[in-house]
Amino acid sequence: TPRLLRGELLLEDGKALEARALYEEARELDKDCAEAWRGVGQCLIALGEEARGRLNMGTGWMIAGELEAALTEIGLAIDIAPDLAEAHANRGAVLKRLERYEDAAAAYQAALVLDPNALPLLQNLGLLLCRDLGREEEGLAVLRKLVRLDPGRWFKLPSDLRTKVDQA
């Protein structure tokens, strides 16, 4: 798209702040635009925000289906800023896609240590534990916490798990 091309040219000219604005506009128009996510990442790195830049780069690679590249970038973000909960959460999402479920659960749990009431994380971890790891009691405990924090989330759970969450 023209925004992406212009952003690329601006970034090459050392105008990372202007390029970032264009990439962010492109991302707002299409949140699944991998190039926009990577473009924002490159701009953030150029602006000295390397951890957030690497996280955006990793998100872009994840969207593009390049999961190993995503893990590499997200790993760099975590190395730079270990307290970046979003990086641990995205690492969990990538690992889940790679069917590395135990590692995904550990990444979600690391993110929850940093942000204990993050609703999407609680939901992702609870479902992963119940569905993919067969650790139903542990998963239901997570989902019960989720529903206590946001009762509306109950409606987003699979019907069989709604019943089990209610049985608490």
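Predicted model: local features only at pLDDT ≥ 70, side-chain atom pairs only at ≥ 80, totals over all residues.
Reader: Fine. How many helices and strands in the protein chain?

Author: Ten helices and zero strands. The C-alpha atoms fill a box of roughly 60 × 30 × 25 Å along the principal axes.

Reader: What share of the protein chain is buried?

Author: 43% of its 168 residues.

Reader: Pockets next. How much space lies in the largest pocket?

Author: About 310 Å³. A pocket is an open set of points on a 1 Å grid over the protein atoms alone, where a 1.4 Å probe fits and protein lies on both sides within 12 Å along at least five of seven lines. Points are joined across faces, edges and corners, and the volume is the space filled by probe spheres set on them.

Reader: Which residues lie nearest its centre?

Author: M62, A89, N90, A93 and N124, out of 16 lining residues. A lining residue has an atom within 4 Å of a point.

Reader: Which helix gives the most to that lining?

Author: Helix 6, with five residues. Helix 4 (50–63), helix 6 (85–97) and helix 8 (119–132) each supply at least two.

Reader: And the lining by class?

Author: Nine nonpolar, three polar and four charged. Nonpolar covers Ala, Val, Leu, Ile, Met, Phe, Trp, Tyr, Cys and Pro; charged is Asp, Glu, Lys and Arg; the others, Gly among them, are polar.

Reader: Back to helix 4. Mostly covered or mostly open?

Author: Mostly covered, with ten of its 14 residues buried. M62 is one of those ten, and M62 also lies among the residues nearest the pocket centre.

Reader: What about its length?

Author: The expected span is 1.5 Å times one less than the number of residues. For helix 4 that should be 20 Å, and its end C-alpha atoms are 20 Å apart, so the two agree.

Reader: Aromatics. How many pairs?

Author: One. W154 and F155 are edge-to-face, at 5.1 Å centre to centre and 85 degrees between the planes. Rings of Phe, Tyr and Trp (its six-membered ring) pair if their centres lie within 6.5 Å; planes under 30 degrees apart count as stacked, over 60 as edge-to-face, the rest as tilted.

Reader: W154: why partly exposed?

Author: Because its relative accessibility is 21%. F155 counts as exposed, at 62%.

Reader: What sits over the ring of W154?

Author: The charged end of R162, 5.2 Å from the ring centre. R27 lies over the face of W37, at 4.2 Å. The test is NZ of Lys or CZ of Arg within 6 Å of the ring centre and within 35 degrees of the ring normal.

Reader: Last one. Which residue other than glycine has a positive phi?

Author: E99, with phi near 60 degrees. E99 lies in the loop between helix 6 and helix 7 (101–114). E99 is exposed, at 58%.

Methods
Residues numbered from 1 in each chain as written. Heavy atoms only, no water. Helix = DSSP H or I, 4+ residues; strand = E, 2+ residues; numbered from the N terminus. Buried < 20%, exposed > 50% of the residue type's maximum accessible area, 1.4 Å probe, protein only.
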